[in-house]
Every structure is written in structure tokens, then in C-alpha cells.
Amino acid sequence: PTGSMQPTLMGDDRTQIYDRILVDKFSFVMRDPERWEVVVFKYPLDLVKNYVKRLVGMPGEKLAVADGNLWAATDAAADASSVDGTWKILRKPIEVQRDLWK
């Protein structure tokens, strides 16, 4: 577990008890991943390590973090140098937000 995936995945170094996950490697062969899904991939510089991350950016988007919010814009709209009306705030679905608030 890493801080970026808490509280979705939890672990305790003191007790050596960690969440375990079952990974479906076939789904993304049949369909494209969707925003906010948890994805698993090999770390490019060390193929022994698996990374578990939540997908936030989609192809053709530029991302920015401002005032604690995640913003996205398509490449065409992201030519502006500041976060303005061409950008939109990305929000996790309410079901995901409720799980994080527990």
C-alpha cells in the first residue's frame, strides 16, 4: 500500500496485515478503462513491481491540480496558461466519495 491509494487499499507495517486484491487482466482487452477505475500495471523501470493506481486522466487530456482540486482539459482547450473556463473540475462519483468518507 502507498499513500496515494489510501483508504482504498490499506496495510499495516506493524502487524504485517495488508489488503489483497484480485486482478482481472482480461477486461481491458475487451474494453477501454474508464475514469476512476483502479488499474494495475508493471512499473516500467522494474518489471517485477506492480503498481496499483486510480485512473484519472484520459487520452487527449491535460491535468492540473489547483487549490486541492483536479482539473482536466482536452489538448485543444488546455492551450490557455491558466485554469479558467476551458478547464473542468473532475469529481469522483458520489459512491466513491461516500466510501472515502467512512
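# Getting to know a predicted protein model

Mentor: Welcome! The accessible surface of this protein comes to about 8000 Å², and carbon and sulfur atoms own 56% of that surface. Such areas come from the Shrake-Rupley method with a 1.4 Å probe, where for residues only the protein chains shown count as cover. The model is predicted: local features need pLDDT of at least 70, side-chain atom pairs count only at pLDDT 80 or more, and totals for chains, interfaces and linings use all residues.

Trainee: Is tryptophan 36 buried or exposed, and how do you know?

Mentor: Buried means under 20% relative accessible area, exposed means over 50%, and partly exposed lies in between (1.4 Å probe, protein chains only). Tryptophan 36 has 12% relative accessibility, which is under 20%, so the residue is called buried. Across the protein, buried residues make up 17% of the 102 residues.

Trainee: Where is tryptophan 36, and what does it touch?

Mentor: Tryptophan 36 sits in the loop between helix H1 (27-30) and strand S3 (38-43). Setting aside residues up to four places away in sequence, tryptophan 36 touches Arg54, Leu55, Val56, Leu70, Leu90, Arg91, Lys92 and Pro93. A contact means heavy atoms within 4.5 Å. Tryptophan 36 also has a positive phi of about 80 degrees, although it is not a glycine.

Trainee: What makes aspartate 67 count as exposed?

Mentor: Aspartate 67 has a relative accessible area of 80%. That value is over 50%, so the residue is exposed. Aspartate 67 lies in the loop between strand S5 (61-66) and strand S6 (69-74). The hairpin of S5 and S6 has two residues between the strands, and there aspartate 67 takes a positive phi near 55 degrees.

Trainee: Why are S5 and S6 called paired?

Mentor: Two strands pair if DSSP finds at least two bridges between them. S5 and S6 are joined in the antiparallel sense over six bridges, so they count as paired. Along this pairing, glutamate 61 stands opposite threonine 74 in S6.

Trainee: How do you know that S6 and S7 pair as well?

Mentor: Two bridges join S6 to strand S7 (residues 88-89), and the strands run antiparallel. In S7, isoleucine 89 is the bridge partner of tryptophan 71, and lysine 88 is that of alanine 72.

Trainee: What order do the strands take in the open sheet, and what makes some of them edge strands?

Mentor: The order in this open sheet of three strands is S5-S6-S7, with antiparallel pairing. S5 and S7 each have a single partner strand, so one side of each is left without a neighbour in the sheet, and they stand at the edges.

Trainee: Why is the contact of arginine 35 with glutamate 61 called a salt bridge?

Mentor: A salt bridge is a side-chain nitrogen of Lys or Arg within 4 Å of a carboxyl oxygen of Asp or Glu. In arginine 35 and glutamate 61, the closest N and O atoms are 2.6 Å apart, so the pair qualifies. This pair links distant parts of the chain: arginine 35 is in the loop between H1 and S3, glutamate 61 is in strand S5, and they are 26 residues apart. At 22% relative accessibility, arginine 35 counts as partly exposed, and glutamate 61 is likewise partly exposed at 22%.

Trainee: How many salt bridges does the structure hold?

Mentor: The structure holds two. Arginine 31 and glutamate 37 also meet through their side chains in a salt bridge, at 2.7 Å from N to O. Arginine 31 has a relative accessible area of 34% and is partly exposed.

Trainee: Which residues make the nonpolar surface patch?

Mentor: Ile21, Val23 and Val40 make a nonpolar patch of about 210 Å². Patches are made of residues with over 30% relative accessible area and no salt bridge; like charges are joined within 9 Å, and nonpolar side chains (Val, Leu, Ile, Met, Phe, Trp, Tyr) within 5 Å. Isoleucine 21 has 45% relative accessibility, so it passes the 30% limit. Isoleucine 21 lies in the loop between strand S2 (17-18) and H1.

Methods. Residues numbered from 1 in each chain as written. Heavy atoms only, no water. Helix = DSSP H or I, 4+ residues; strand = E, 2+ residues; numbered from the N terminus.
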